[in-house]
Amino acid sequence: MLDTFYQEFGYGYDPRWHDDVVDMDTAYFDDPRQALLVAALDDEVVATTSVRADGPQSPPHAPWLAERYPSGTTAQIFRVYVRREHRRRGLARELVEMACRFVALTPGYESIYLHTNVAIAGAEPFWRSVAKEIHDGRTDPAHSPAVHFEIPIPVV
């Protein structure tokens, strides 16, 4: 995940946004309603996805998004990263499907939400193939330019 912040995003680690990466125990392993999923090859993590019981924050996102997707009842898909050399193999899709099954089996969730930085190559077409757009932040100069999506909770 840190490699993604530095190599893909170009801005590196920022504790305001990335505290879960440094303290994974608190963020994922100590809370049974949250999860971190990884794909590994030869002892190297090549893809990640996580679920957190957090809705979008305002700011930087529009207040109506925070109201529509409140923390606690919203499962937010986070940290969907695949190392460049392992892309186009279905890893992100499989991890997101696993994350959605986790949400379906975890009591208390009412929706699955995510937002993405569409400046990352492949991000927008991927999310459009698995989720429904809720809001395109690129049209809202007062808030984050992220594109926001919802995924139906699967029936398991």
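So, aromatic pairs: this structure, a predicted model, has 2 of them. A pair here means Phe, Tyr or Trp rings (for Trp, the six-membered ring) with centres within 6.5 Å; planes under 30 degrees apart are called stacked, over 60 edge-to-face, and the rest tilted.

Let's take Y69 and Y113. Their rings make a tilted pair, 5.0 Å centre to centre with 35 degrees between the planes. Y69 sits in the loop between α4 (63–68) and β3 (74–82), while Y113 belongs to strand β4 (residues 111–116), so this pair ties together parts that are 44 residues apart in sequence.

Residues are numbered from 1 along each chain as its sequence is written, and side-chain values use heavy atoms, leaving out hydrogens and water.

Now for F126 and W127, an edge-to-face pair at 4.8 Å centre to centre and 70 degrees between the planes. Both residues are buried. They belong to helix α6 (residues 123–130), whose buried residues are A123, E124, F126 and W127. Where do the buried residues fall when you look down the axis of α6? They fall within an arc of 160 degrees, so they line one face of the helix; the arc is taken from the directions between the helix axis and the C-beta atoms. Among the elements covering them are β3, α5 (91–105), β4 and β6 (147–151).

Back to β4, then. Of its 6 residues, 5 are buried. β3 and β4 run parallel, joined by 3 bridges; for strands to count as paired, DSSP must find at least two bridges between them. A75 has I112 of β4 as its bridge partner. Between these strands the chain passes through α5, and the β-α-β crossover is right-handed: with the strands pointing away from the viewer, the path from the first strand over the helix to the second runs clockwise. β4 also pairs with β6, antiparallel this time, over 5 bridges. There, T116 stands opposite V147.

Conventions: This is a predicted model: local features need pLDDT of at least 70, side-chain atom pairs count only at pLDDT 80 or more; totals for chains, interfaces and linings use all residues. Helices (H or I, at least four residues) and strands (E, at least two) are DSSP runs, numbered from the N terminus. Buried means under 20% relative accessible area, exposed over 50%, partly exposed in between (1.4 Å probe, protein chains only). Contact means heavy atoms within 4.5 Å.
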